Amino acid sequence: TGTGDGIKIFNSGQFLPGGGTITHPSLYTSNIGNFDVVGTSNTINGFQRGIEVLASYYPDLRISNNVIGSQALPNSGDGIISADLHAAAPNTLGIGRIDNNSVRYNAEHGINTLFTDATIIENNSIAFNGHAGVSLKNGANDFLVQLNTFDSNGWDAIVLDSSADDRNKFSQNTFIGINLAANYLPINLQATANEIGQTPNDGNDFDPGANDLMNYPVINASGITLNGANWSVPFAFDTDVSGDYTLEFYKYTAATNRYDFIDSENVNGVTSGTNDFLGTALIPSSSLAPGNQLAVLAIRGTGTTNIGNTSELSPVVTVPANSPAPTSITLAPSSDTGILGDNRTNRDNSTPANNLQFTVNGTVSNATVRIYSGTTLIGTAVATGSTTTVTTSGTFDLADGLRTLTATQTELGK
């Protein structure tokens, strides 16, 4: 314990905290180039700052498997603070890495960066810190913050300060105990210094700022439907940059103010312009249930090595209740070309001339009735009573052989 830093590195090259044996002859010589601290993990409690790393151009900075702060003996400032750290080459990802640490009960930020870039922050437990879990500021760019668990930090879990830059990606983190009552967020892109609360979407997303203050997608809650093995989740996305995006969906649990990542979907060919891009994401039916709450964020680009901007999480919406399933589906007589009632046909839906008609029983007036082959929608109709005739599109070829078709219905408001 002490009043300064547990570990302080200045003007150095490579740093690998890990234990108690210093293999380089001198820890404090400026511009060392490379040195290692190797062995088992460090426990760094009761200092002003746990680990401070300053003014370094590094080929490989790693802070790994340390315990930084504890409830019994917290550090009185930040758990980890880095300042003026830069990658060997611009616009590169993962030159530095902060991973598998327990960063807890520090009086200020869990991890605080200033004038720093190109760092992966992953698989850390970042909890019960007095300020933000991770704070990125002063030109921060090319960060990848992923697979961390944030729990009950005093401020936002991740805050991208208004002085930060762009190309910062936040992916598949778990957020617990977010102080929503005080307007703190899982991810906060600040439009102005020390801003608290969500930054509203703006038309065409032209505003500059941290991660370009990228708009979040908006879920159309009333359009969410359960279709076979998936929930269909319609969304609108207003952006000023056309291209490919990744949408990440999170289930929200109000009792613990918790957001859990449940699914991601690549959305290719998003177009910018005066009209919102409209799409539908498919989420496995096992991931959600009626009454669950759902939020989404957008990441510019696709793939694990992409380092595009990330939006804030959208406001949560509630998954609507299910409509009752139809009781039966059978080929209509006009399409049953075998023995009437045997559900055999020589019409394969490959063209409009070879489309099919089905009789669906157990429908509800004004419900939208859909027929699927596997996960492919092949026909839809609006019910006018307890029995509905659905004509298929004639655009999806049903290959010869036994085919299993599914009928669903969605009532208005469900």
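Reader: Which residue stands opposite Tyr-372 in β34?
Author: That's Thr-406. Keep in mind that this is a predicted model.

Reader: Okay, and how many bridges join β31 to β34?
Author: Six bridges join them, and the two strands run antiparallel. Strand β31 covers residues 368-373.

Reader: What holds paired strands together in general?
Author: Strands of a sheet pair through backbone hydrogen bonds, and the pairing can be parallel or antiparallel.

Reader: So what's the strand order in the open sheet with β31?
Author: The order is β32-β31-β34, with antiparallel pairing. The edge strands are β32, at 376-382, and β34, at 405-410, and each of them pairs on one side only. On average, neighbouring strands are turned by 20° against each other, ignoring direction.

Reader: New topic! Where is Ser-335?
Author: Ser-335 sits in the loop between β29 (328-331) and β30 (357-361).

Reader: Buried or exposed, that Ser-335?
Author: Ser-335 is buried, because its relative accessible area is 2%, and buried means under 20%.

Reader: Which backbone nitrogen lies 2.8 Å from a polar atom of its side chain?
Author: The one of Gln-357.

Reader: How do β29 and β30 pair?
Author: They pair in the antiparallel sense, over four bridges. For example, Thr-330 has Thr-359 in β30 as its bridge partner. Both strands belong to an open, antiparallel sheet of three strands in the order β29-β30-β33. Its edge strands are β29 and β33 (387-391), and the twist averages 25° from one strand to the next.

Reader: What about Phe-143, where's that?
Author: Phe-143 is in the loop between β14 (134-137) and β15 (144-146). Phe-143 is buried, with a relative accessible area of 0%. Its contacts beyond four places in sequence include Thr-113, Ile-121, Leu-136 and Arg-167.

Reader: How far apart are the C-alpha atoms of Phe-143 and Gly-308?
Author: They're separated by 9.4 Å, although the two residues are 165 residues apart along the chain.

Reader: Last one: where does pLDDT stay under 50?
Author: Over residues 13-40. Where pLDDT is low, the predicted coordinates should not be read in detail. For the protein chain, the mean pLDDT is 86, and 87% of its residues reach 70 or more.

How values were computed: Residues numbered from 1 in each chain as written. Predicted model: local features only at pLDDT ≥ 70, side-chain atom pairs only at ≥ 80, totals over all residues. Heavy atoms only, no water. Pairing = 2+ DSSP bridges. Axes fitted to C-alpha atoms, helices over the stretch in contact; angles between N-to-C directions. Buried < 20%, exposed > 50% of the residue type's maximum accessible area, 1.4 Å probe, protein only. Polar contact = N/O pair within 3.5 Å; in protein donor to acceptor, adjacent residues only side chain to side chain. Contact = heavy atoms within 4.5 Å. pLDDT = per-residue confidence, 0-100.
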